[in-house]
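I wanted to know how they pair and where they sit.

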Amino acid sequence: MADYKYSTLAVHAGQSPDPQTGAVNVPLYLSSTFELTGIGTDRGWDYSRAGNPTRDKLEEALAALEGGTSGHAFTSGMAAISALFAMLRAGDHLLCSKDVYAGTVRLLDQIVSGYGIEIEYVDTSNLAAVEAAIKPNTKLIHIETPSNPLMVLTDIAAVSAIAHAKGVEVSVDNTFLSPALQSPLALGADIVMHSTTKYLNGHSDGLGGALIGSKPEHKERFLLVQKAAGGVMSPFECFLVLRGIRTLAVRIRQHEENGLAIATYLAQHPKVSKVAYPGLKSHPQYALAVRQQKGFGSMMSFEVSGREAAGRFLKAIKIFVSAESLGGVESLASHSATTTHASVTQEQRDAMGITDGRIRLSIGIEDKEDLIADLEQALAAV
Ligand SMILES: Cc1ncc(COP(=O)(O)O)c(C=O)c1O
């Protein structure tokens, strides 16, 4: 499998015909428990929290898509991030990208910090700042690239080299690009995290998260967290994500074609400023995007004149849906300050550069001319 190209892996990794029946789709094993074959012996499964045959196949597919050694599926992206931070111990120091998903900030500031873990936010797009922030007790650098919603990139290979020289591991939230467009492990990172709720599921009909490790100790650790803490993905959600993954490569191609067309359109619109999309040559890190990513994706954000203008825009859109989340086949628009970043303080938002006029778009796979016409009429209302 490892030699196959990406589109082939997406269709076949973890998804070979069922050996018992020949079914071409992975069967859905809705069983919490499994018959034991003797005292202390079983057929590979004993209880679904520890392992489920449908989940195993999804985890195999995720590991293959990210080029990792083990995949681990959780009940949401946040459950996956929680499992990642469960690697840390009291007294450890964690460095985290400064403009990560606000849910990650909430988890760190309101829960993880209570366990005696020292948390520090750093601008991971600034390599000197990363190097300077590493301390003797730093255990992990957690990166989100491109960042949410400002689409700031972090150089994964460079941060990994700096971290490894000091014995520190690097984890990457790869949700915004999906494994189709960015391979953090191949760039030197140690662990990949996903909210499968987004592009991997792709249809906005399930919540899920994943960790992909690159070392035997990651597998041991994440299996323990799955079994001990219990936040595992249900078999039905696993089935949906497996189904979504089969069309990932083609969906992403259309997402991306539409994304580039829409970012180009927005960049020339007189009522729009500060379009953040790594595929525009005006993006300050365009060269890094070309080097590090296999495409530019379909996430972007831009500014209109303020909160009222953003409200009018969101009321006027017809095809775009005003909603949080991203990565589904339908196009979504959201007001960052009151949705994804509502849980961080105004002061934190100001420090991040997330103004009240900032709107984030997740471009779907509809016809791009229809999408542009929808934006045109909604911007006319601003
Ligand atoms: C980049 C990123 N990471 C993690 C998450 C959390 O994922 P979930 O909502 O599946 O818990 C999100 C959710 O929006 C996200 O955008």
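My notes on the strands follow.

**Entry 1: the open sheet.** I kept in mind that this is a predicted model. In what order do the strands of the open sheet run? I read it off as β1-β7-β6-β5-β4-β2-β3, seven strands with mixed pairing. Next I looked for the edges and found β1 (70-74) and β3 (118-122), each of which pairs on one side only. I also looked up the twist, which averages 20° from one strand to the next.

**Entry 2: β2 beside β3.** Strand β2 covers residues 93-97, and five bridges join it to β3. The two strands run parallel. For one pair I noted names: Ser97 has Val122 in β3 as its bridge partner.

**Entry 3: β12 and its partners.** I moved on to β12, residues 358-362. Which strands are joined to β12 by bridges? I found β9 (residues 299-303), joined to β12 by five bridges, and β11 (residues 332-335), joined to it by four. Strand β9 runs antiparallel to β12, and so does β11.

**Entry 4: is β12 buried or exposed?** I checked its residues, and five of the five are buried, so the strand is largely enclosed by the rest of the structure. Both faces are covered. One side holds Arg358, Arg360 and Ser362, and the other holds Ile359 and Leu361.

Key:
Residues are numbered from 1 along each chain as its sequence is written. This is a predicted model: local features need pLDDT of at least 70, side-chain atom pairs count only at pLDDT 80 or more; totals for chains, interfaces and linings use all residues. Two strands pair if DSSP finds at least two bridges between them. Axes are lines fitted to C-alpha atoms, for helices over the stretch in contact, and angles run from 0 to 180 degrees between N-to-C directions. A residue is buried if 20 or more other C-beta atoms lie within 10 Å of its own, exposed if 12 or fewer, and partly exposed in between; C-beta atoms are placed from the backbone.
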